[in-house]
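I opened this structure to see how its parts are laid out. My notes follow in the order in which I looked things up.

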Amino acid sequence: MSNSNRNLKRIQSSLVWRYRAEKAFRWCGVVAVALGLLAVLALFSDIIIKGKGAFFATYMQFEVTYDQELLGIDNFADDQQLIIADWESLYKSALRADFPDVRKRADKRKLYALVSDGTGYDLKARLLADPKLLGQSEIIWLLADDDIDTYFKTLLDGNAYTARLTDNQVEWLEQLDGTERMRLQFNANFFNRGDSREPEQAGIKGAVIGSLLTLVLTLILSFPIGIAAAIYLEEFAPKNRWTEFIEVNINNLAAVPSIIFGLLGLAIFINFFHIPRSIPVIGGLVLAVMTLPTIIITSRAAITSVPPSIREAALGMGASRNQMVLHHVLPLALPGILTGAIIGMARALGETAPLLMIGMVAFIADIPGSFTEPATVLPVQIFLWADSPERAFIEKTSAAIMVLLSFLILMNISAVWLRKRLERRW
Amino acid sequence: MLGHKQLQSAIISVSLLLVGSAASARETVEVVGSSTVYPFSTVVAERYGRSSGKPTPKIEATGSGGGMKLFCSGVGTNFPDITNSSRRMKKSEFDQCQRNGVEEIIEVHVGFDGIVLANSVAAQPIALTRKDIFLALAARVPGASDGQLIDNPYTTWRDVNPNLPADPIEVMGPPPTSGTRDAFVELAMEGGCQEIAWLEALKESDKLAFKIICHTIREDGLYIEAGENDNLIVQKLQANPRALGIFGFSFLDQNADTVRGARIDSVAPEFESIADKSYPISRPLYFYIKKAHVGVVPGIQGFINEFTSEKAWGDEGYLADKGMIPLPQASRRTTAKNTRGLVAMTGDEALK
C-alpha cells in the first residue's frame, strides 16, 4: 500500500518535469519550422525585390523618319541591299534632330549611346514587316540602353545612379524626362528573345525552349526505360543475388552527385559516340541517365503498393502475367509513377552541374529550333547572367530565378494534384 | 494503338536519326576558352550573328587551360574552331596541338585586361606598391637577414609598410583555378618580389625556388578565396568596407558607385593608364584559330573579320565600352592584316 503510494508520488512529482520537457520539445519544432519559413521568406523577398525591375524596361520617345535615301534601299526583295543599308542611321538621325546642339564627334557617340544598340535591327524588322513606312515618319518609343535603364529606374526610386553616364548624358535625359518622353514599359523582350550580352535585349526564351527540348528528350528516354526496369524487377525478376546487386546499385546511383553523370556523358556520349557538344540531344541523354534511378525507385514503390489481391484475382480469372501487369497493375500504379516522373523531371530542370561537362554552359544567342541545334537551359542562363559584369544583369538574374521557380512550383503542384486526384487508397 | 514492337523500333529509329543528323557537318562556329575573354568574345559573336543573319557563334567559358586542351585535341567538326585565352599559348600546348594534327594555328592578340585591387567607397582610398602586395599576401616573406624566409607574420597593412593604415589585412580574391589569379600572382606578386634584392638575385640562380617564393599566396585566412564570380566579390566588399578584393577591370568600371580601385605604384586603374601600360597589373588577351577549319565551318572568317574591325576592337569600339583595353593602333593594324590573311604561327614565337 505504502509502496504504490510512493510510486504515485514519484510519478506526480516527475509529471511537471515531463510536461515541461514536452512543451520545450514542441517549441523546438515550432522554432525550426519558423526558421525555415523565415529563410524561404527572406530568399523569396530578396529575389522578388531584386528581380521585379526586369519585367519593365525604359523606353524613350522619338520621331523616326524612314528616309529612303539615308538607308539606300529601293527594293525590299534585294537581300544584299538590306544587309548593307545603314539601319543605325534611322535612330541616329532622330536623336540628332532632337538635340541639334550636339556637334562634336565624341558627344554624338555619347548621344547615340542613349538608345539600345540593337535599335537599328529592331527598326529594320519593323520596316520589313510594314514596307509602307518607307519614306514616312512616325513617333515611336525606342528601347533605352541598359545604363540609361538603370539610371531611370534608380531615379524613380529617388537616388539616381549616374556613375556610368557623362554630365551631358544626364542633362539630355533630364530634358527627355522633363517632357514626359521617358517611361517604363512592360519588358516583352525578356520573354520572347534569346540571350544577349546587352542586358536590355537579353531574354529567356532561348533558355526556356532549350530546357523544354532537353526535358522532352529526358522524359522520352527515361520514362519507358524506368517503368520497364521497375516492372521487371517487381513482377518478373527472381529474387536472387543478381537482382539484389542491381537493386543496391540503383539505390546508390540515385545518390551519386550529378556532376558524375556529366563526366559519364563526356566520356561515353561525346568522346565515344561523337555526339556534338551543347545540343539538347546530349543534354537529354545525360539527364535521362541521371533521372533513371529516381524514376525506377518511385515506380517500384508505386507498383508494390498495388495490393496482391488484384494480381491474384487477375491471374485467377485466367489472365497471363503480361496481361495482369499491363491491364491491372500498371494502370493502378500509374499515378504514383507519374508523380515520381514529375519530381525527377523537376530535378533535371534545375540541374547545371552535369551540363557543364557537355558544353551546355555556353553563350548561345539563337533560339534553338530543333534537338540538334546548340542550346542552353534555364539554370545555366541564371548562372551565366549572375557572372556577367554589367550590373543590369542582376535584375535579369533574379527575374530568371523567378521564372525557374514558377516552373518548379508548377511541376510540384501538378505532382501533388495527380496524387490527390488519381491515387487510390487501399 | 501502336504495338510494343512498333513502339520500340520507332523509339530506336528516332534516336538514331537524332544522333545521325547531329553528327554531320556543323553550321555554328564553336569557341571555347578563357572566362576573361568570354564577355568580349560573346559581344562580337552576337553582333556578327545579328548583322550577317548567320547562326551566332557558340561561346563556352572553359578557362584558358581547358580551352587549349579542347582546341588541341584534333581537327574535325567535333573539335572547337577557336579558343580564347587570357595568356599566351604555352610551348607545351603548341606541341600538343602539333601532335594532334592541329598544325596551322593563327594567333590573335586582341587587347588587354586590367586586374584591380579595390575596396568599398565607404572606406578610405588606398595606395599600394607591388612590394606591399607581395609582403601582405605571400605565404613566406623575407626575414631579418638576406636569404632567410619566415612564415608571413604581418596582420595589418601598417606592419607591411609604416605609411599604410593600421587596418587588418583582409583580401578577397579568386581561387587557384582562375586565370585572374594566375595573372595576379605573376604580375603583382612577382613584380613586388623582384624589388627585394636577394630575391631578384635568386631569380637568376634558381628560377624554380624564386617562383615558389613569389607565387605562393598565404593560406592562414587573411587571403580569402571568394570563388570565380567577380560580382560576388564586389557585393562582399560593399558589406565589408575593411576588405580588399581582386577582380577584373570591367567589374570596377560597372560598379564605380560601390567600389574604388586602389592605386598601384601610384597609378590608378583607369582605362587610359591600363592602355598605356603605366598601370602595372594588366594582362594580354588572345584567341587562337584553327586554320584547317576556316572555309569548312561557315562563319569563321566573318567572325574574325568582325572581331578585328575598328568598330569592335578600336579605341572607340564596342569592346572598349565593355571594358576591354585596346591594343595600340599600329599593332591593331598589323594584327588585323595577319589575321585576315590567315598567317599561321611558325613555332618560332617566344612561347613559354
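I started with the centres of domain 1 of chain A and domain 3 of chain A, which are 38 Å apart, taken over C-alpha atoms. The domain bounds come from an automatic or database domain assignment. For chain A the assignment gives domain 1 (2–52), domain 2 (55–192) and domain 3 (205–422). The contact between domain 1 and domain 3 of chain A takes four residues from domain 1 and six residues from domain 3. I count two residues as in contact if their C-beta atoms, placed from the backbone, lie within 7 Å. The side of domain 1 of chain A that touches domain 3 has two nonpolar residues, one polar and one charged. In these classes Ala, Val, Leu, Ile, Met, Phe, Trp, Tyr, Cys and Pro are nonpolar, Asp, Glu, Lys and Arg are charged, and the others, Gly among them, are polar.

I noted the ground rules next. This is a predicted model, in which local features need pLDDT of at least 70 and side-chain atom pairs count only at pLDDT 80 or more, while totals for chains, interfaces and linings use all residues. Residues are numbered from 1 along each chain as its sequence is written, and chains are lettered from A and ligands numbered from 1 in the order in which they are written.

Chain A as a whole: I found 18 helices and four strands. Helices (H or I, at least four residues) and strands (E, at least two) are DSSP runs, numbered from the N terminus. The radius of gyration of chain A, taken over C-alpha atoms, is 31 Å, well over the 22 Å of the globule rule (2.2 Å times the number of residues to the power 0.38) for 426 residues, so chain A is more spread out than a compact globule. Its C-alpha trace spans about 105 × 65 × 40 Å along the principal axes.

Sheet in chain A: three strands form an open sheet in the order E2-E1-E3, with antiparallel pairing. Which strands stand at the edges? They are E2 (137–143) and E3 (182–186) of chain A; each has a single partner strand, so one side of each is left without a neighbour in the sheet. The twist averages 45° from one strand to the next. Strand E1 (residues 56–65) of chain A is joined to E2(A) by seven bridges; pairing requires that DSSP find at least two bridges between the strands. Met60(A) has Leu142(A) of E2(A) as its bridge partner.

Between the chains: 30 residues of chain B are in contact with 28 residues of chain A. On the chain B side, two or more residues come from each of helix H1 (4–23), helix H2 (38–52), strand E2 (58–60) and helix H11 (249–254). H2(B) gives the largest share, seven residues. This side divides into 11 nonpolar, 12 polar and seven charged residues. Strand E4 (residues 362–363) of chain A also pairs with E2(B), antiparallel and over two bridges. There Phe363(A) is bridged to Ile59(B).

Chain B: the assignment gives domain 1 (27–113 + 283–340) and domain 2 (114–282). Their centres lie 29 Å apart, over C-alpha atoms. Each domain of chain B puts 14 residues into the contact between them. Strands E4 (105–120) and E14 (325–326) of chain B each give two or more residues to the domain 1 side.

Methods:
Axes fitted to C-alpha atoms, helices over the stretch in contact; angles between N-to-C directions.
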